[in-house]
Amino acid sequence: MNAERPHVVVMSAASMDGRLASRTGDSRISCPRDLDRLHVMRSLVDAVLVGGRTVRMDNPSLTVRRVPGRNPLRVVVSASLDIPPGSRVLDGRAPTVIFTTSRAPAEALERLLRMGIRVHMYEGDMVPLDHALAVLSRHGVRRLLVEGGGNINWQLLGRGLVDEVVLTVSGMGLASGTSFLEGEGPALVEDAPRMRLARIYACTCGREAVLHYVRPGVRPGDYFYPPHLHGIVAAVEV
């Protein structure tokens with residue numbers, strides 16, 4: 001494990017064409033057993049991170065509800081601090097920390113501080129994710145789950161800050177909408193970040209496959225063992 005940052009696991013569900021949500025923002029892609037697996041992952045990590053757009057579109061609670069376990073620290077990255085006041089990540093059910101920039105309106109910052117939310121602010125237009133991860137590590141976060149969206153996924157993967165990807169691929173096509181990775185990618189395929197496929201799981205729903213990728217040199221975590229207790233009918237080591 002890297003002493004300067006947490007072990008980072010990106011977990012998402014996508015359509016066959018790599019979409020996290022439809023063109024209207026509907027992200028109900030995976031089956032109930034996959035949601036169970038997501039909550040298992042939340043119960044195993046120290047913190048869960050999402051981008052501000054995910055908060056606005058999905059309003060996730062980022063807590064553990066479908067399985068036994070403690071709630072992780074909730075982390076939001078929002079350069080503009082455009083987080084609706086009624087967002088579930090602000091409900092006090094688990095601690096929340098927000099990383100933002102000097103673009104944030106003063107009134108939004110003051111409101112969050114009055115609520116007791118920890119806010120880290122950086123100068124400029126973007127949150128330096130490598131520094132944010134280092135801050136989390138200094139506060140005791142050893143294992144971090146990232147639940148998107150596409151911009152956050154790409155910013156982390158493109159900078160070599162991801163150790164594992166657990167990607168559920170559902171047997172549906174959406175053609176448009178939010179992609180698993182979004183941003184300015186490399187001009188040449190040879191420059192793309194690459195990960196090793198370590199495991200493939202088949203879900204009991206019959207419509208989904210879970211692809212488990214790791215950064216070269218990283219051993220995949222045994223998050224869904226024994227498989228039959230996690231809605232998996234087959235698990236193949238690659």
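## Basis of the description

Helices (H or I, at least four residues) and strands (E, at least two) are DSSP runs, numbered from the N terminus. The model is predicted: local features need pLDDT of at least 70, side-chain atom pairs count only at pLDDT 80 or more, and totals for chains, interfaces and linings use all residues. Residues are numbered from 1 along each chain as its sequence is written, and side-chain values use heavy atoms, with hydrogens and water left out.

## Helix α3

Helix α3 spans residues 106-114, and its buried residues are A108, L109, R111 and L112. Buried means under 20% relative accessible area, exposed over 50%, and partly exposed in between (1.4 Å probe, protein chains only). Viewed along the axis of α3, the buried residues fall within an arc of 160 degrees, so they line one face of the helix; the arc is that of the directions from the helix axis to the C-beta atoms.

The face turned away from this buried side carries the exposed residues E107 and R114. Elements covering the buried residues include β4 and β5 (118-122), where contact means heavy atoms within 4.5 Å. Just after α3, G116 adopts a positive phi of about 85 degrees.

## Nonpolar cores

A nonpolar core is a set of buried Ala, Val, Leu, Ile, Met, Phe, Trp, Tyr and Cys residues joined through side-chain atoms within 4.5 Å. The largest has 29 residues, of which V75, F99, L136, L144, V146 and L156 touch the most other members. Helix α4 gives the most to this core, with five residues. Apart from this core lies another, of 28 residues, including L112 and L145.
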